[in-house]
Amino acid sequence: MPHIAIQMYPGRDQKTKEKIAKKMQAVLAEEMQADKKYFSVSIQDVEAIDWDTKVDDKIDPETLFISADF
């Protein structure tokens, strides 16, 4: 089933990342009407200097539903 991959700037502790992961898992499981056990979640810290090459440049515009505005 689905895997949720989150990439974000560093700065959040492990406890916060775990909380984010659990909430994302719960929301997606609810929306897809499936048990949470089928959803995995990863969180990767990406430095701001690397953001364009490691994240932005790899996003397929056809799969992007919401883009950031910063």
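**The aromatic pair and its surroundings**

Author: A search of the whole structure finds one aromatic pair (rings of Phe, Tyr and Trp, the last by its six-membered ring, with centres within 6.5 Å; planes under 30 degrees apart are stacked, over 60 edge-to-face, the rest tilted). The partners are Tyr9 and Trp51, with ring centres 5.2 Å apart and planes at 85°, an edge-to-face arrangement. Tyr9 sits in the loop between S1 and H1, whereas Trp51 belongs to helix H2 (residues 51–54), so the pair ties together parts that are 42 residues apart in sequence. The model is predicted: local features need pLDDT of at least 70 and side-chain atom pairs 80 or more, while totals for chains, interfaces and linings use all residues. Residues are numbered from 1 along each chain as its sequence is written; side-chain values use heavy atoms, leaving out hydrogens and water.

The two partners differ in cover. Trp51 counts as buried at 13% relative accessibility, while Tyr9, at 34% relative accessible area, is partly exposed (buried is under 20%, exposed over 50%, partly exposed in between; 1.4 Å probe, protein chains only).

Around the pair, the secondary structure of the protein amounts to two helices and two strands (DSSP runs numbered from the N terminus: helices are H or I, at least four residues; strands are E, at least two). Along the sequence the order is β-α-β-α. The C-alpha atoms fill a box of roughly 35 × 30 × 20 Å along the principal axes. Buried residues make up 16% of the 70 in the protein. Of the contacts with a separation of 6 or more, 66% join residues 24 or more positions apart (contact: heavy atoms within 4.5 Å).

The loop that holds Tyr9 lies between S1 and H1, and helix H1 spans residues 14–32. Its 19 residues reach 27 Å from the first C-alpha to the last, close to the 27 Å expected at 1.5 Å a residue (1.5 Å times one less than the number of residues). Buried in H1 are Lys17, Ala21, Gln25 and Ala29. Seen down the axis of H1, these buried residues fall within an arc of 95°, so they line one face of the helix (the arc is taken from the directions from the axis to the C-beta atoms). On the other side of H1, the exposed residues are Lys15, Lys19, Lys23, Val27, Glu30 and Glu31. The cover over the buried residues includes strand S1 (3–8) and strand S2 (40–45). After H1 comes Gln33, with a positive phi near 55°.

Lys17, in helix H1, counts as buried at 14% relative accessibility. Apart from neighbours within four places in sequence, Lys17 is in contact with Met8, Arg12, Ile43 and Asp45. Val41 lies in strand S2 and is partly exposed, its relative accessible area being 24%. With neighbours within four places again left aside, the contacts of Val41 are His3, Ile4, Ile6, Ala21 and Gln25. Ala21 and Gln25 are among the buried residues of H1. Val41 and Asp69, 28 residues apart along the chain, have C-alpha atoms separated by 24 Å.

To return to the request, the pair joins Tyr9, in the loop between S1 and H1, to Trp51 in H2, and strands S1 and S2 are among the cover of the buried residues of H1.
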